[in-house]
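Visitor: Could you walk me through this model, one feature at a time? I would like to learn how to read each kind of contact.

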Amino acid sequence: SFSPDGQFVVFESHQMNVEGNGIITQYVIDGTGSYQPLTSSKEDCRQSNWSPAGNLILFQKFSEGQWDIWIMDRNGHNHRKVTHGPGDKTDASFSPDGKWIVYSSNERDIEYANLFIISIFGDGPIRVSDSDGYDGAPSWSPDGKWIIFESCPGDPDDSSGTSLWKIEVPEYEK
């Protein structure tokens with residue numbers, strides 16, 4: 001994920017031949033710096049994304065048997081868990097104003113992941129899709145009015161593929 005100013009990237013890195021223990025790493029695009037780990041190698045962190053203002057980075061972290069959404073300052077300090085409760089929360093991205101996060105989750109005892117939004121302070125969450133199948137990999141439109149995502153009936157691992165859908169963002173306190 002590029003920083004909004006285009007000077008840095010953050011990404012998930014792993015030790016060779018090791019799937020777990022993802023490390024969120026930052027790198028200066030012009031190559032003048034070294035790779036800077038922002039999370040510990042003792043954790044499993046993945047799918048980093050910059051906030052529109054460039055001051056925060058969100059990521060998903062596996063702990064206590066599930067994935068949750070976390071945010072941190074752009075320098076890797078002040079890690080804060082945003083989502084809580086049972087169920088995996090993954091595939092997160094910031095709203096264009098940087099105040100909200102959309103993510104995919106099977107929280108609330110739903111069988112397959114659907115989409116939710118939550119404030120960066122952890123208020124909510126608000127369910128935005130209501131599918132009997134899987135909804136995931138969401139992203140906001142630049143104007144903040146739409147969310148695009150992949151969807152399929154049932155389990156995506158047992159399907160012949162997913163299709164792209166868009167939904168209007170429901171009313172919420174902006």
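This is a predicted model: local features need pLDDT of at least 70, side-chain atom pairs count only at pLDDT 80 or more; totals for chains, interfaces and linings use all residues.

Visitor: Is Ser105 buried or exposed?

Guide: Buried means under 20% relative accessible area, exposed over 50%, and partly exposed in between (1.4 Å probe, protein chains only). Ser105 has a relative accessible area of 1%, so it is buried.

Visitor: Which residues does Ser105 touch?

Guide: Contact means heavy atoms within 4.5 Å. Not counting residues up to four places away in sequence, Ser105 touches Asp88, Lys89, Ile110, Tyr112, Ala113, Asn114 and Phe116.

Visitor: In which strand does Ser105 lie?

Guide: Strands (E, at least two residues) and helices (H or I, at least four) are DSSP runs, numbered from the N terminus. Ser105 belongs to strand β9, residues 100-105. This strand is mostly covered, with six of its six residues buried. Trp100, Val102 and Ser104 point one way from β9, while Ile101, Tyr103 and Ser105 point the other way.

Visitor: How many bridges join β9 to β8, and how many pair β9 with β10?

Guide: Two strands pair if DSSP finds at least two bridges between them. β8 and β9 run antiparallel and are joined by four bridges, with Ser93 opposite Val102 in β9. β9 and β10 pair over six bridges, again in the antiparallel sense, and there Val102 has Ile117 of β10 as its bridge partner. Look at the turn as well: β8 and β9 form a hairpin with five residues between them, and Gly98 in that turn has a positive phi of about 75 degrees.

Visitor: What is the order of the strands in the sheet that holds β9?

Guide: The sheet is open and has four strands in the order β8-β9-β10-β11, with antiparallel pairing. β8 (89-94) and β11 (126-127) stand at the edges with a single partner strand each, so one side of each has no neighbour in the sheet. Strand β10 (residues 114-119) runs antiparallel to β11, and two bridges join them. Here Ile117 stands opposite Ile126 in β11.

Visitor: Which strands make up the open sheet that has β4 in it?

Guide: That open sheet has four strands in the order β4-β5-β6-β7, paired antiparallel. β4 (44-50) and β7 (80-81) are its edge strands, and each pairs on one side only. Five bridges join β4 to the antiparallel strand β5, residues 56-63, and Asn49 stands opposite Leu58 in β5.

Visitor: Now the rings, please. How should I read an aromatic pair?

Guide: A pair of aromatic rings is described by the distance of the centres and the angle of the planes. Rings of Phe, Tyr and Trp (its six-membered ring) pair if their centres lie within 6.5 Å; planes under 30 degrees apart count as stacked, over 60 as edge-to-face and the rest as tilted. By this rule the count comes to four aromatic pairs. One of them is the edge-to-face pair of Phe11 and Tyr35, 6.2 Å centre to centre with 90 degrees between the planes. Phe11 lies in strand β1 (residues 8-13) and Tyr35 in the loop between β2 (23-28) and β3 (36-37), so the pair ties together parts that are 24 residues apart in sequence. Phe11 counts as partly exposed at 28% relative accessibility, whereas Tyr35, at 54%, counts as exposed. Together with Tyr27, Phe11 and Tyr35 form one aromatic cluster.

Visitor: Which charged end sits over the ring of Trp146?

Guide: A charge sits over a ring if NZ of Lys or CZ of Arg is within 6 Å of the ring centre and within 35 degrees of the ring normal. Over Trp146 sits the charged end of Lys166, 4.2 Å from the ring centre. Lys61 lies over the face of Trp70, at 4.1 Å from the ring centre.

Visitor: How many disulfides does the structure hold?

Guide: A disulfide is a pair of cysteine sulfur atoms within 2.5 Å, and the structure holds zero of them. Cys45 is buried with a relative accessible area of 0%, and Cys152 is buried with 3%.

Notes
Residues are numbered from 1 along each chain as its sequence is written. Side-chain values use heavy atoms; hydrogens and water are left out.
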